[in-house]
Amino acid sequence: MGRFTAAAVSHGRAVVRLKDMTTVTTATPAVAKRDLVSDARTVEGVFKSTGFHWVGNGFHVSTYFPSARLPAERVSPFVLMDYGPAKEFTPLARGKRGVGWHPHRGFETVTLAWEGAVAHRDNAGHAGVIGPGDVQWMTAGGGIFHEEYHEESLTRRGGKLHMMQLWVNLPTKDKMTAPGYQPITAAQIPSVPLEGGGEVRVIAGEHAGARGPAHTFTPITMLDVHLVAGARLPVALPASHNALAVVAKGRVRAGGSSAGTGELVLFANDGARIELFAEEDAHVIVLAGQPLGEPIVAYGPFVMNTVQEIDQAILDVNSGKFGEVPV
């Protein structure tokens with residue numbers, strides 16, 4: 001998923017045609033400044049997501065990052081986040097809704113579903129459907145083709161789809177790792193109740209003694225949080241880890257800042273924990289991780305370290321080195 005020009009597919013071979021370079025940045029690790037009064041982090045900024053756009057014909061999303069106002073090094077190791085709130089789709093008698101075969105290299109895609117179901121298939125032999133509460137974690141690594149569509153029965157009968165997709169960067173040493181796929185069901189994700197109401201689902205990393213099932217290449221925390229108005233969420237994190245709170249619904253407060261639906265809270269690297277207070281019932285996705293501190297060149301469906309590596313990725317796709325596309 002994400003915004004790119006999809007590959008043209010013909011007889012199992014794909015040709016990629018991409019336009020302008022989307023991102024060229026050199027990441028500089030944030031310098032942690034310890035708060036001598038409290039170990040709770042301060043808020044560096046509150047950022048709005050983009051307006052809504054379509055990815056393929058099945059995913060109606062807004063983008064929280066990348067953003068012109070939000071430097072890539074401040075969200076590292078994450079690269080992109082698209083969020084699609086619950087949207088009603090009418091029944092479709094024939095055809096599919098979603099995104100057809102397209103390539104990726106150098107990162108991982110993480111898709112969450114809250115309503116409806118998304119079907120995945122790739123040319124490394126992985127396939128699966130995620131429904132409410134499920135997660136699919138695909139490692140593109142050295143190169144993969146995949147497709148993402150509404151699950152067949154959802155397409156035919158119609159209904160709501162509520163989902164999110166996150167791109168997680170891979171460190172230089174792992175960018176060419178073999179493709180992989182982690183199908184994570186809702187039953188595998190531990191849930192921690194919150195004092196004051198609500199729950200925290202731990203997808204990756206650790207929170208309050210619960211460890212998420214996702215395998216990650218670098219230290220990452222990913223929490224799916226529902227807060228009842230008045231509840232407080234403290235999350236312990238190393239001060240060196242970047243930390244974000246994406247407000248999918250409702251309103252929360254962090255320190256003296258308030259953020260509502262469609263906004264992202266960026267925390268400074270100046271404390272050992274973040275704290276959120278629910279001003280009203282809220283749904284929040286907490287993302288944190290050790291920044292990679294490496295150059296980033298993101299070009300369409302590829303995330304590498306140099307322009308030359310992007311050129312090589314395009315050559316490799318066009319010469320068939322990403323493998324054939326299933327029919």
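Is Phe322 buried or exposed, and what is its relative accessible area? In this predicted model, Phe322 is buried, with a relative accessible area of 4%.

## The pair of Phe302 and Phe322

The model holds six aromatic pairs, and one of them joins Phe302 to Phe322 in an edge-to-face arrangement, with the ring centres 6.2 Å apart and 70° between the planes. This pair links distant parts of the chain, since Phe302 belongs to strand β29 (residues 302–304) while Phe322 falls in the segment after α3 (307–318), 20 residues apart. Phe302, with a relative accessibility of 0%, counts as buried, and Phe322 is likewise buried at 4%.

## The pair of Trp54 and Phe89

Among the six aromatic pairs is also that of Trp54 and Phe89, which is edge-to-face, with 6.1 Å from centre to centre and an angle of 75° between the planes. Because Trp54 lies in strand β5 (residues 53–55) and Phe89 in strand β7 (residues 78–89), the pair ties together parts that are 35 residues apart in sequence.

Trp54 has a relative accessibility of 43% and therefore counts as partly exposed, whereas Phe89, at 7% relative accessibility, counts as buried.

## A cluster, and charges over rings

Tyr64, Tyr83 and Trp114 come together in one aromatic cluster.

Aromatic rings also meet charged side chains in this model: the charged end of Lys96 sits over the ring of Tyr149, at 4.7 Å from the ring centre, and the charged end of Arg253 sits over the ring of Phe277, at 5.1 Å from the centre of that ring.

How values were computed:
Residues numbered from 1 in each chain as written. Predicted model: local features only at pLDDT ≥ 70, side-chain atom pairs only at ≥ 80, totals over all residues. Heavy atoms only, no water. Phe/Tyr/Trp six-rings, centres within 6.5 Å; stacked < 30°, edge-to-face > 60°. Helix = DSSP H or I, 4+ residues; strand = E, 2+ residues; numbered from the N terminus. Buried < 20%, exposed > 50% of the residue type's maximum accessible area, 1.4 Å probe, protein only. Lys NZ or Arg CZ within 6 Å of the ring centre and 35° of its normal.
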